[in-house]
Amino acid sequence: MDHFLYRDGELYAEEVPVADIAAAVGTPFYLYSTATLTRHFRLFDEALAGTNHLVCYAVKAASNQAILKTLAQLGAGMDVVSGGEYARAKAAGVPGERIVFSGVGKTRAEMRMALEGGIRQFNVESEPEMAALSDVASEMGRVAPISVRVNPDVDAMTHAKIATGKAENKFGIPISRARQVYAQAAALPGLDVVGIDVHIGSQLTDLEPFRLAYDKVAELTEALRADGHDIRRLDLGGGLGIPYTRSNEAPPLPTEYGALIKETVGHLGCEIEIEPGRLVAGNAGILVSSVIYVKSGEGRDFLILDAAMNDLIRPAMYEAHHDIVPVTEPAAAAERVPYDVVGPVCETGDTFAKSRQLPRLAAGDLVAFRSAGAYGAVMASEYNTRPLTPEVLVDEHQFAVIRARPAFDEIINRDTIPPWL
Ligand SMILES: *Cc1c(COP(=O)(O)O)cnc(C)c1O
């Protein structure tokens with residue numbers, strides 16, 4: 001459920017007509033709903049009610065300061081995967097003890113930064129990383145709290161580019177080697193082993209892979225405790241999928257996911273962390289764009305938009321589907337015609353949809369890509385020197401630009417000319 005609904009023949013974001021924001025900001029732009037972000041965060045928080053838990057929002061899904069601050073004020077922790085994201089979380093007012101540092105290749109500089117600023121735990125992913133972190137912490141006279149990310153070798157049954165929990169993926173250490181690796185970690189002077197971490201992939205639309213993974217984590221918890229480790233925290237990752245089409249898909253609900261967590265690991269008495277990103281932000285954001293031209297091709301019509309693959313890369317990168325809706329509500333009986341929906345970038349890959357059935361549209365009409373809040377703006381680039389897509393946040397009757405569209409000068413002036421030119 002989200003807060004982008006038609007009312008009186010127009011698409012609204014909460015209490016504001018999307019067309020009013022487009023008139024004020026210009027297109028294309030990302031538009032987020034505070035009520036939707038809040039609702040989705042609370043669904044997770046409530047799904048784990050009765051357990052000692054922290055919902056750590058995965059910052060990489062949508063990392064604008066205003067979004068982080070909205071979630072931080074609800075009590076969210078943050079899961080970060082780079083020094084930059086750590087800095088973003090801190091700048092949004094998240095205390096270090098609510099920040100988890102994940103990622104397969106943390107540098108020593110990033111480790112130092114997080115130890116200085118405060119950190120809940122590092123999720124370490126390899127023996128060399130453990131050794132480096134122990135070194136860095138010891139040099140600073142600190143002890144770094146860690147969980148080891150284990151790779152449970154389960155098939156998340158999702159798109160290959162976002163599956164992370166199979167043996168062939170680069171993530172974590174094989175669960176079969178976990179006891180040995182934990183023994184090594186316990187022997188390193190700069191580390192304090194606090195828990196186990198697992199994250200098997202993204203856009204999971206079935207609970208079964210989670211069940212397989214969490215059962216393995218439960219078993220491992222008992223084995224590691226028997227080996228003398230004080231396993232007191234389980235980080236169960238993110239990955240719950242969202243419906244990208246309004247019709248058929250019905251991914252599991254956070255309540256069902258919460259119940260599964262309680263069932264699989266609830267008896268262990270551990271503090272639970274989860275790291276949802278997509279489900280919090282995905283349906284809380286849309287990308288608003290205008291039609292530049294409608295062009296007749298050979299046996300097809302192209303809808304040429306002012307948004308392009310540099311603004312929203314998911315269709316080009318993962319063959320992802322986004323529902324596209326006109327901002328002016330079409331009549332129920334309006335004729336639908338097939339369009340190839342494309343952007344202006346000089347790549348054939350800059351195609352959002354082929355033969356998409358839409359009501360007839362004309363130059364100047366506004367359209368919205370639904371479910372664009374996660375892995376949308378954060379993956380935007382300035383390819384073709386198209387300014388980085390602005391972002392806007394709505395909260396009931398008010399809206400604010402939370403990242404402005406850069407002027408061409410700002411973009412160009414980031415380059416520097418060497419003295420010999
Ligand atoms: C990407 C990622 C997440 C978030 O995944 P979603 O599918 O957006 O919920 C959580 N944890 C880790 C370690 C990640 O890499």
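Author: Start with the terms for secondary structure: helices (H or I, at least four residues) and strands (E, at least two) are DSSP runs, numbered from the N terminus. The model is predicted. On that definition the protein has 12 helices and 21 strands.

Reader: What makes the place of M157 a loop?

Author: M157 falls between two numbered strands, β9 (144-151) and β10 (173-174). M157 is therefore placed in the loop between β9 and β10.

Reader: Why is M157 called exposed?

Author: The cut-off for exposed is over 50% relative accessible area. M157 has 53%, so M157 counts as exposed.

Reader: What is noted about the backbone of M157?

Author: M157 has a positive phi of about 55° and is not a glycine. D8 sits in the loop between β1 (4-7) and β2 (10-13).

Reader: Is D8 buried or exposed, and how do you know?

Author: The relative accessibility of D8 is 71%. Exposed means over 50%, so D8 is exposed.

Reader: Why is N310 called buried?

Author: Buried means under 20% relative accessible area. N310 has 2%, so N310 is buried. N310 belongs to the loop between β15 (301-305) and α11 (314-318).

Reader: Which residues is N310 in contact with, apart from its neighbours within four places in sequence?

Author: The partners of N310 are V345, M379, A380, S381, Y383 and R386. Contact means heavy atoms within 4.5 Å. V345 is 35 residues from N310 along the chain, and their C-alpha atoms are separated by 7.9 Å. The 7.9 Å refers to C-alpha atoms, whereas contact is judged on heavy atoms.

Reader: What makes M140 partly exposed?

Author: Partly exposed covers the values between the two cut-offs, under 20% for buried and over 50% for exposed. M140 has 23% relative accessibility, so M140 counts as partly exposed. M140 is in the loop between α6 (127-139) and β9. Setting aside neighbours within four places in sequence, M140 touches R112, L115 and E116.

Reader: Why is R179 called partly exposed?

Author: R179 has a relative accessible area of 44%, so R179 is partly exposed. R179 is part of helix α7 (residues 178-187). Beyond neighbours within four places in sequence, R179 has contacts with L220, A223, L224 and D227. R179 and A92 are 87 residues apart in sequence, and their C-alpha atoms are 37 Å apart.

Reader: How do you know that the radius of gyration agrees with a compact globule?

Author: For 421 residues, a compact globule would have a radius of gyration near 22 Å. The protein has 23 Å, which agrees. The C-alpha atoms fill a box of roughly 70 × 60 × 40 Å along the principal axes. Buried residues make up 55% of the 421 residues.

Reader: How is the protein divided into domains?

Author: Domain 1 takes in 4-31 + 282-412, and domain 2 takes in 103-274. Their C-alpha centres lie 36 Å apart. Domain 1 gives 12 residues to the contact between them and domain 2 gives nine.

Reader: How many side chains are positive and how many negative?

Author: There are 39 positive and 56 negative side chains, and the centres of the two sets lie 2 Å apart.

Methods. Residues numbered from 1 in each chain as written. Predicted model: local features only at pLDDT ≥ 70, side-chain atom pairs only at ≥ 80, totals over all residues. Heavy atoms only, no water. Rg over C-alpha atoms; globule rule 2.2 N^0.38 Å. Buried < 20%, exposed > 50% of the residue type's maximum accessible area, 1.4 Å probe, protein only. Lys, Arg positive; Asp, Glu negative; His and termini not counted. Charge placed at Lys NZ, Arg CZ, Asp CG, Glu CD. Domains from an automatic or database assignment.
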